Amino acid sequence: MTRRALFVVALALGASAGAARVVGAQQVAYAAGAASLDSVTQAALRREMSRAQERGLPVEPLEAKVREGQIKRAAPARIRSAVTALATRLDSARSALGPMSNAAELVAGADALAAGADVGALRTLRATGGARDLAAPLGALAQLVASGVAPSRATQMVVELLKRGVAPREVLAFGVAVESDVGAGVPAEESAVFRLRAIESAVNGGVSASAVSGAYTDPGMLNLGGKSGTGDAAKPKRRP
Amino acid sequence: MHDETDETITRITAALRQPPAVDPTHKARVLVAVAAERERAREARMRAARWWRLAGSMGVTAAAVVALMVWRQKVVDSGRSATRANAQTVAASAPASASTAKPAPSATRHLAASDAAGVAPLPVQLVLRAPAAHRVSVVGDFNGWDAHATTLERDPASGLWSGTVALLPGRHVYAFIVDDSIWMRDPRMPQSRDADFGRPGSVLLVGQP
């Protein structure tokens with residue numbers, strides 16, 4: 001009787017495992033391609049997430065970082081290190097921006113720190129913007145610094161936009177335009193100054209800043225070549 | 001003579017019918033043994049019942065696991081279908097659908113639009129020429145690097161794989177995953193740097209003037 005019962009149990013488990021494998025075949029296909037994490041790494045990442053949650057930091061960016069590492073088949077130690085570094089940046093951004101900062105602001109702030117801005121720049125933006133949502137200005141700051149604009153200069157420019165009450169859409173367009181220019185060979189600071197002037201004159205003249213910005217990027221005017229994007233590897237170059 | 005024989009037989013029969021004298025301790029031992037045997041049989045039955053109950057519960061658990069897997073697969077499939085449907089809708093009528101298309105949940109890189117009033121996602125078409133591929137998906141900061149979130153549709157005539165995603169203005173990094181195993185940058189776009197993992201993707205600037 002006992003043997004028969006054991007046989008039935010084994011049969012049931014075998015059948016369920018087989019069925020699960022068949023059902024999950026499509027899903028497993030990519031999982032096989034992504035790096036799997038050992039139990040030690042998983043435990044360490046869980047601890048990191050818990051700590052972040054306890055500190056009131058957004059966990060989703062950390063989870064995305066884990067997925068990014070897995071999809072890129074990074075070594076578990078490297079994934080842990082990247083997640084820890086991101087959690088630290090999020091924490092620093094929260095300290096600088098204040099406890100009431102939202103998740104988007106913290107992520108953008110962490111990006112700005114990763115790009116080379118310091119916590120002082122984040123504090124300055126918060127002091128200038130007050131309770132306004134700073135996600136767009138912080139995103140622009142990150143993009144300017146990553147494009148090669150000196151952090152202090154980039155901070156001044158974004159503060160200027162904040163003081164003038166430029167809309168988030170225009171602030172984002174500013175960062176994108178500068179990075180795009182840099183990819184086309186324009187020196188970063190030069191591009192940033194021209195773009196900022198265009199926005200300022202648009203604001204003063206009551207014209208949409210993005211409309212003026214669009215006119216400014218006329219390839220014929222700046223001889224930029226109309227590139228659709230820019231790489232990180234691209235360094236600001238002197239125009240011939 | 002005949003009567004004497006019958007009488008003898010009757011006496012012998014009567015004597016034989018008398019139960020033999022049994023030692024009472026032997027009788028007690030036999031009764032104990034019988035009771036013990038009954039107990040053993042009862043325990044065996046209970047053990048078997050326990051095993052059957054265990055087998056039953058494990059069977060139910062296994063069935064639940066299978067049902068869960070089926071349900072999860074359906075959810076994933078429906079998510080993929082929804083993504084495809086969204087992409088087609090956005091591609092068909094970009095300006096109208098751009099306002100309704102929600103941005104991917106974790107545009108972690110330069111996500112700069114928490115106040116939705118000022119910034120709306122824009123439809124962006126991603127295209128890869130891969131005639132021999134069986135499946136192409138996109139991973140990037142805009143979909144949380146989830147390989148199942150954004151799959152591309154193949155045009156049989158051209159061998160082009162394409163899909164449209166709604167992205168917030170800013171800078172995005174992404175790559176294609178071909179046949180669930182090959183990491184491929186977008187050959188039309190500049191290369192990103194990847195300080196964290198050393199595996200560059202492509203850079204996409206959305207909302208540039």
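Which residue of E8(B) does Tyr174(B) stand opposite? In this predicted model, that residue is Ser202(B).

## Strand E6 of chain B

Strand E6 of chain B comprises residues 170-178. Eight of its nine residues are buried, so the strand is largely enclosed by the rest of the structure. In a regular strand the side chains alternate between the two faces of the sheet.

## Pairing partners of E6(B)

Strand E8 of chain B (residues 202-206) pairs with E6(B) in the antiparallel sense, over five bridges. This is the pairing in which Tyr174(B) faces Ser202(B). Strand E2 of chain B (residues 136-140) is also antiparallel to E6(B), and five bridges connect these two strands. Within E6(B), Ala175(B) is the bridge partner of Val139(B).

Strand E7 of chain B (residues 182-184) runs antiparallel to E6(B) and is joined to it by three bridges. Here Val178(B) stands opposite Ile182(B).

## Helix H10 of chain A

Helix H10 of chain A covers residues 168-183. At 1.5 Å a residue, its 16 residues should span 22 Å; the end C-alpha atoms are 23 Å apart, which agrees. An α-helix has 3.6 residues a turn, so residues three or four places apart point the same way.

H10(A) is mostly covered, with 16 of its 16 residues buried. Just after the helix, Gly185(A) adopts a positive phi of about 105 degrees.

Methods:
Residues numbered from 1 in each chain as written. Chains lettered and ligands numbered in written order. Predicted model: local features only at pLDDT ≥ 70, side-chain atom pairs only at ≥ 80, totals over all residues. Helix = DSSP H or I, 4+ residues; strand = E, 2+ residues; numbered from the N terminus. Expected span 1.5 Å × (residues − 1). Buried ≥ 20, exposed ≤ 12 C-beta atoms within 10 Å, placed from the backbone. Pairing = 2+ DSSP bridges.
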